[in-house]
Amino acid sequence: MLGLKLLTDPRWANIAEGNLEEILTDHAWCEQKAASNAISLITNNSEHEDLVHELTAIAIEEMEHFKMVIDIIKERGYTLGRERKDDYVGQLMKFSKKDGSRNMAFIDRLLFAAMIEARSCERFRVLSQNIQDKDLAQFYYDLMVSEANHYTTFLNFARKYSVDVDVDKRWKEWLDFEGKLIQSYGNKEAIHG
């Protein structure tokens, strides 16, 4: 469904479950960054009324997810740690085209967001199917559905608003790049780690 070239080894869920405080802290900050990304897209592309409407809803939903995660952290007696640097996202950002037309940069920013949502959705699926904690498994299943909707929203906007970009070709380039990139991850307690 997502077109990802390499799926996460289910054993990653064991690593994540081995330090729930860390994975939940990382996850909380991922949700906050997703909300910020949606707001940034709105700020820079406010002429697209439907995009503003849809991404406002996504930004609100991502902050609701942030609150849900920090509530779980608190309920379990954990502490929300400091924001984590996400090297995976940093590498995706470097792959983003910024030197072409304004439209090319806009489309690539949408594809960047779609890529992160697709991988997050896939990681949430792995957690939902493989962790022993049934409450968290259900929580991650529910989030998986949400992230899949976000992924398609960003991809559909890229297709709708492209002027000078072959979106399907560029999306394939994103998938190929991410397929190679993700081979270096999956060994620590981070949503993209």
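1. H5 gives the largest share of the lining of the largest pocket, seven residues. A pocket here is an open set of points on a 1 Å grid over the protein atoms alone, where a 1.4 Å probe fits, with protein on both sides within 12 Å along at least five of seven lines; lining residues have an atom within 4 Å of a point. Helices are DSSP runs of H or I with at least four residues, strands are E runs of at least two, and both are numbered from the N terminus.

2. Before going on, a word on the source: this is a predicted model, where local features need pLDDT of at least 70, side-chain atom pairs count only at pLDDT 80 or more, and totals for chains, interfaces and linings use all residues. Residues are numbered from 1 along each chain as its sequence is written, and side-chain values use heavy atoms, with hydrogens and water left out.

3. Back to that largest pocket: its volume is about 280 Å³, volume being the space filled by probe spheres set on the grid points, which are joined across faces, edges and corners. Its lining counts 20 residues, with Cys30, Lys33, Ala34, Val89 and Ile116 the closest to the centre. At least two lining residues come from each of H2 (20-44), H5 (102-130) and H6 (134-161).

4. What is the lining of the largest pocket made of, by class? You get nine nonpolar, four polar and seven charged residues. Nonpolar covers Ala, Val, Leu, Ile, Met, Phe, Trp, Tyr, Cys and Pro; charged covers Asp, Glu, Lys and Arg; the others, Gly among them, are polar.

5. The second largest pocket comes in at about 200 Å³. Of its 13 lining residues, Leu41, Asn44, Ala105, Phe106 and Arg109 sit nearest the centre. H2 and H5 each put in at least two, and H5 has the largest share here, with five. The classes split into four nonpolar, four polar and five charged.

6. As for the fold, the chain has seven helices and zero strands. Its radius of gyration (over C-alpha atoms) is 16 Å, close to the 16 Å from the globule rule for 193 residues, so the chain is as compact as a globular protein of that length; the rule is 2.2 Å times the number of residues to the power 0.38. The C-alpha trace spans about 50 × 30 × 25 Å along its principal axes.

7. Among contacts (heavy atoms within 4.5 Å) with a separation of 6 or more, 83% join residues 24 or more positions apart.
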